[in-house]
Amino acid sequence: MTPNENSLKAYWNFLLHPNLNYKKKRFTTKLLNFLVVLVVDIAISALLVWLVYQLRGVVAPDVKVHKIPISHQKWGLLKWSLLVTVFIPLLEELTFRTHLRPKKGNFVLSFIGLLYLNGVLLLVSIHSLDVRSNIIAVLVGLVLLATYLVFQRRIYIVIGRLWRRKSALVFYLTTILFGFYHLQNYTVTLTILILSPIFVLPQIFAGLNLGYLRVRFGFWWGFVLHGLHNAIFLLLPVLLFNSVMPRDKIFDNEVVIDYPGNVAARGKYQLTIEEAEGPVYNGSRVGRNGIDFKHATVRFASAKLARFRPEEVVFEDTAVANRVIDLHFTDRNKESMDDFKMARRFVFQQVLKKYNLKAQLFFVPAGNWVLYRSQFVKAEEDTSALDEREEVPNSFVLKDATIRGLADKIEELYSMKVNCLSKNRTKYTWVIPKDSTELLQRTLMGKYGVTLYQAKNRTVKCYISSAE
């Protein structure tokens, strides 16, 4: 029997009968076993991912794996790469695999990983989901961790014995929990829940491989496999996606995406959007139990529904942005209550329809300049239509030009890349300085109500304009 066959047989026997009978091995032996598991993991995981993709296309074509496509655009490719190949594998290995070797320190590390993982999920979900379940999980975890630290000697004796006697059961349960934890990658519907064992099958299989390396060879071998697995199945598709994206969607690396897209009508719902009179106090409640805005501006409601900060949402028409509304939405279809993200997007779509608007997400590369009409300048204060002057010291006069034409001229004068969000076709006469970026910014804001700034990091702006 060859070394490869020995490694494959040992791997298969462990998956059938998990146990804690591990021995110290030479590095070359560990590396050979690791390479065998890596090849098996990639081959079978690829098949499972393809099968799940095909199944999703048949039973749930409208359900997307919602965390991958936008995150790398918003975070930037370098940060996203480190996130999926280092940070996430480290956190998940601490949480789901450390305790597979029953030692005092390992149990503590798993508890800490679990708490941190729930803390991250809590921060991510604050603006979009009902966070009570995550808060409860964190509090319960803190109580358990405190209890363990106080009585760790007695608890470890009990848990340690149980872990050793039931090591196979612990291994399988941990792997299944790891798989179902990744159900959060989907917008969860009733169909997804019913077929969830199939949808998380790739993660369950990966968990078996990671657990094998953890128990047999140690923590870091599982961590390295986890990082490589994510690099192949998460990072590589992103790189390929960037390279094959249709050219009509790319403007010098600026990506423009229609949002929220075509959102299907809810099955059973109640929605009212009415204009309100009186003071603005932007009251809001956005959760699984319903969506309510009380005396809120259209800008504030749009930002909340699209999950942006108000300053990240730019309106072409500031008069519409500053209208005050009362909005009430309840979803009485219990099946769709699990799909809260789609419900929020549906409400946002209805707000846009009410005012005949459309929204686009602009992903602006770091270092580019962003140009748009300031949302904080009232329409009646617009001073764009200035008297034409042929000669202005150290300035350039641009006649009969739209704001996009202004962006082109700034690029020409200052040799910098400008991403113009505004699509206003009104033509003005612009008088701008020739040789000072700071003076240019002050002039555009003071005279024309136009904002110009340089994006230090990759920036995402939600631009809302007329649908016509």
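Analyst: Let us begin with a salt bridge, defined as a side-chain nitrogen of Lys or Arg within 4 Å of a carboxyl oxygen of Asp or Glu. Lys294 and Asp326 form such a pair, with their closest N and O atoms 3.9 Å apart. This pair joins distant parts of the chain, since Lys294 belongs to strand 5 (residues 290–297) and Asp326 to strand 7 (residues 324–331), 32 residues apart. Strands (E, at least two residues) and helices (H or I, at least four) are DSSP runs, numbered from the N terminus.

User: What kind of model is this, and how are its residues numbered?

Analyst: The model is predicted: local features need pLDDT of at least 70 and side-chain atom pairs pLDDT 80 or more, while totals for chains, interfaces and linings use all residues. Residues are numbered from 1 along each chain as its sequence is written, and side-chain values use heavy atoms, with hydrogens and water left out.

User: Is Lys294 buried or exposed, or does it fall in between?

Analyst: Buried means under 20% relative accessible area, exposed over 50%, and partly exposed in between (1.4 Å probe, protein chains only). Lys294 has 45% relative accessibility and therefore counts as partly exposed.

User: How many salt bridges are found in the whole structure?

Analyst: A search of the whole structure gives eight. Among them, Glu93 and Arg97 meet through their side chains at 2.7 Å, N to O. Glu93 is buried because its relative accessibility is 0%, and Arg97 is buried at 1%. Arg285 and Asp292 form another salt bridge, with the closest N and O atoms 2.4 Å apart. Here Arg285 is partly exposed at 40%, whereas Asp292 is buried at 19%. Arg309, Glu311 and Glu312 are linked in a network of salt bridges.

User: Which residues gather in a patch of positive charge on the surface?

Analyst: A patch is made of residues with over 30% relative accessible area and no salt bridge, like charges being joined within 9 Å. Lys and Arg count as positive, and the place of a charge is taken as NZ of Lys or CZ of Arg. In this structure, Lys358, Arg404, Lys423 and Arg425 form the positive patch. Arg425 lies in the loop between strand 11 (418–420) and strand 12 (428–433), and its 70% relative accessibility makes it exposed.

User: How does one check the span of helix 11?

Analyst: The expected span is 1.5 Å times one less than the number of residues. Helix 11 (residues 201–217) has 17 residues and should therefore span 24 Å, which agrees with the 24 Å between its end C-alpha atoms. Helix 11 is largely enclosed by the rest of the structure, because 16 of its 17 residues are buried. Just after helix 11, Gly218 adopts a positive phi of about 120°.

User: Which residues have a positive phi without being glycine?

Analyst: Most residues other than glycine have a negative phi. Asn282, which is not a glycine, has a positive phi of about 50°. Asn282 sits in the loop between strand 3 (269–275) and strand 4 (283–287) and is partly exposed at 25% relative accessibility. Ser415 also has a positive phi of about 50° and is not a glycine. The loop that holds Ser415 runs between helix 17 (403–414) and strand 11, and Ser415 is exposed at 68%.

Technical notes:
Patch = residues over 30% accessible without salt bridge, like charges linked within 9 Å, V, L, I, M, F, W, Y side chains within 5 Å. Areas by Shrake-Rupley, 256 points an atom, 1.4 Å probe, with all protein chains shown as cover.
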